[in-house]
Amino acid sequence: MKLEPYTEELRGCPVKGNAYPVLVLGIGNPLMGDDGAGVELAHRLQERDYGPLVHVEEGGTQGMALLPLLEDADTLILLDAVRTGALPGTVVTRSREELPRHFSRVMSPHQIGMKEVLGAAQLCGTLPRAITLVGVEALHTDFCRPMSAEVQEALPKALDTAEALIARALAEHQARKNAHA
């Protein structure tokens with residue numbers, strides 16, 4: 001069997017393995033209070049039907065096991081709790097260029113894994129073309145504490161932000177597809 005060489009045109013091709021143009025990945029640990037915000041957002045987005053071009057996944061604290069998920073995604077939208085110094089419950093977005101700085105602030109053990117996952121994808125040349133983080137400023141990340149009221153109240157705004165990013169990614173995907181037609 002002859003293997004087809006990987007090319008940029010194959011990125012996001014839905015007939016190649018588990019590839020999809022848009023990956024939405026919720027990361028964090030629900031056992032650590034507000035650190036579960038990304039996973040909760042992923043659960044809520046999984047209840048919606050975006051069609052076959054969007055895959056929403058709960059990444060939890062899986063670390064390097066997440067690498068195959070994002071290798072063929074064209075656009076990655078990360079959902080996570082953050083510590084930026086803003087008021088608890090503030091919804092923030094960060095672009096691909098700002099992510100190394102975000103993941104260098106360790107809030108819980110999963111972030112070390114995400115930094116490594118993104119680094120490994122970059123080394124392999126499979127880092128998604130577009131990456132955006134939707135973060136909710138955490139109040140606390142203590143073990144076995146429930147999510148704070150501030151973060152719970154911010155989840156609808158974070159969902160709206162994620163959905164706007166999904167819509168934009170799908171529109172960009174369609175525009176690129178039309179440009180090549």
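Modeller: Two strands pair if DSSP finds at least two bridges between them. Helices (H or I, at least four residues) and strands (E, at least two) are DSSP runs, numbered from the N terminus. This is a predicted model, in which local features need pLDDT of at least 70, side-chain atom pairs count only at pLDDT 80 or more, and totals for chains, interfaces and linings use all residues. Residues are numbered from 1 along each chain as its sequence is written, and side-chain values use heavy atoms, with hydrogens and water left out.

Biologist: Which residue in strand 3 is the bridge partner of Val24?

Modeller: Strand 1 (residues 22–27) pairs with strand 3 (residues 75–82) in the parallel sense, over five bridges. For Val24, the bridge partner in strand 3 is Ile77.

Biologist: What is the order of the strands in the open sheet?

Modeller: Strand 2 (54–60) and strand 4 (91–95) each have a single partner strand, so one side of each is left without a neighbour in the sheet. The pairing in this open sheet of five strands is mixed, and the order is 2-1-3-5-4.

Biologist: At what angle does helix 5 run to strand 5?

Modeller: Angles run from 0 to 180 degrees between N-to-C directions, and axes are lines fitted to C-alpha atoms, for helices over the stretch in contact. Contact means heavy atoms within 4.5 Å. Helix 5 (residues 149–180) lies across strands 1, 2, 3, 4 and 5, and its angle to strand 5 is about 170 degrees.

Biologist: Is Tyr50 buried, partly exposed or exposed?

Modeller: Tyr50 sits in the loop between helix 1 and strand 2. Buried means under 20% relative accessible area, exposed over 50%, and partly exposed in between (1.4 Å probe, protein chains only). The relative accessible area of Tyr50 is 21%, so Tyr50 is partly exposed.

Biologist: With which side chain does the side chain of Tyr50 make a polar contact?

Modeller: Not counting residues up to four places away in sequence, Tyr50 touches Leu45, Val56, Glu163 and Ile166. A polar contact is a pair of N or O atoms within 3.5 Å; within protein, one must be able to donate a hydrogen and the other to accept it, and residues adjacent in sequence count only if both atoms are side-chain atoms. At 2.7 Å, the partner is the side chain of Glu163.

Biologist: Which element has the lowest mean pLDDT?

Modeller: pLDDT is the predictor's confidence in each residue, from 0 to 100. The mean for the protein chain is 82. Helix 1 (residues 37–46) has the highest mean among the elements, 96, and the lowest, 58, belongs to helix 3 (residues 99–104).
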